[in-house]
Amino acid sequence: MKHTPERSVSKEIEVLLNKQIEKEFGSWAIYLAMASWADCKNFVGFPKFFYKAAQEEMAHGLKIFHYLNDQQGCAVMPALERPKAVYTSFEDLARAALDHEIMITNSLQEIYKAALVEGDFSTVELMQWFIVEQREEEDKTRRIVDMFDIINPPSETCLAMWEIDEEVGEMAE
Ligand code: OFO
């Protein structure tokens, strides 16, 4: 759909951005649940990392929310799925977080492509911001998974696991 004098964003882009709002707020819920799972196990670094990640995801959702309304579209508050609350291990949690980040990167790139095809350069610019941000987040999450691949802690009670936790906490600073 073409942009009109009343609308700076097309209906198609509006739909994509609303889906992304749902994913960003969904990320907030997922990371909050991950933080809580790790917090309940009395670790320090993992909860710190994921509480911060949750806050950032909330800010991302709101950034698109305001953008869409400022562009004469209409942002819709989505119903959120209940996030997974239990993980089998910290490695399981880290791998789930990385898979999630990769899914988000792909989703942002799809919006970027659609906005480019339409010549909607405001949305292209917004997506550029998100893609840069996303690259950083994906890198950090991949680093956590790498630590498990390299160090391979045998259990939550071993010293190596506590060292990974400390390093993950530092990544949140
Ligand atoms: Fe919203 O930045 Fe990652 O997922």
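Modeller: Angles under 35 degrees count as roughly parallel, over 145 as roughly antiparallel, 65 to 115 as roughly perpendicular and the rest as oblique. Axes are lines fitted to C-alpha atoms, for helices over the stretch in contact, and angles run from 0 to 180 degrees between N-to-C directions. The model here is predicted: local features need pLDDT of at least 70, side-chain atom pairs count only at pLDDT 80 or more, and totals for chains, interfaces and linings use all residues. Residues are numbered from 1 along each chain as its sequence is written.

Biologist: How many helices and strands are there in the chain?

Modeller: Helices (H or I, at least four residues) and strands (E, at least two) are DSSP runs, numbered from the N terminus. The chain has five helices and zero strands, in the pattern α-α-α-α-α along the sequence. Its C-alpha atoms fill a box of roughly 60 × 30 × 25 Å, taken along the principal axes.

Biologist: At what angle do the axes of H2 and H5 cross?

Modeller: Two packed helices are described by the angle between their axes and the distance between the axes. For H2 and H5, the axes cross at roughly 30 degrees and come within 7 Å. H2 and H5 are therefore roughly parallel to each other. Their crossing is left-handed; a crossing is given that name if the near helix is turned anticlockwise from the far one by less than a right angle, and is right-handed if clockwise.

Biologist: Which residues make the contact of H2 with H5?

Modeller: Two residues are in contact if their C-beta atoms, placed from the backbone, lie within 7 Å. H2 contributes Gly-45, Phe-46, Lys-48 and Phe-49, while H5 contributes Asp-165, Glu-166, Glu-167, Val-168, Gly-169 and Met-171. These divide into four nonpolar, two polar and four charged residues. In this classification Ala, Val, Leu, Ile, Met, Phe, Trp, Tyr, Cys and Pro count as nonpolar, Asp, Glu, Lys and Arg as charged, and the others, Gly among them, as polar.

Biologist: Are H4 and H5 roughly parallel or roughly antiparallel to each other?

Modeller: H4 and H5 pack at an angle of about 165 degrees, with their axes 11 Å apart, and are therefore roughly antiparallel. The crossing of H4 and H5 is right-handed. Lys-140, Arg-143, Ile-144, Met-147 and Ile-151 of H4 meet Ala-160, Ile-164, Glu-167, Val-168 and Met-171 of H5. By class, this contact has seven nonpolar, no polar and three charged residues.

Biologist: At what angle do H3 and H4 pack?

Modeller: Helix H3 (residues 90-118) and helix H4 (residues 121-151) pack at about 160 degrees, and their axes are 9 Å apart. That makes H3 roughly antiparallel to H4. The contact of H3 with H4 holds 17 nonpolar, five polar and six charged residues. H3 passes H4 in a left-handed crossing.

Biologist: Which residues touch the most other members of the largest nonpolar core?

Modeller: A nonpolar core is a set of buried Ala, Val, Leu, Ile, Met, Phe, Trp, Tyr and Cys residues joined through C-beta atoms within 7 Å. A residue is buried if 20 or more other C-beta atoms lie within 10 Å of its own, exposed if 12 or fewer, and partly exposed in between, with C-beta atoms placed from the backbone. The largest core has 38 residues, of which Leu-17, Tyr-31, Met-34, Ala-38, Phe-46 and Phe-50 touch the most other members. H1 gives the most to this core, with twelve residues.

Biologist: Is Asp-146 buried or exposed?

Modeller: Asp-146, in helix H4, is exposed, because 12 other C-beta atoms lie within 10 Å.
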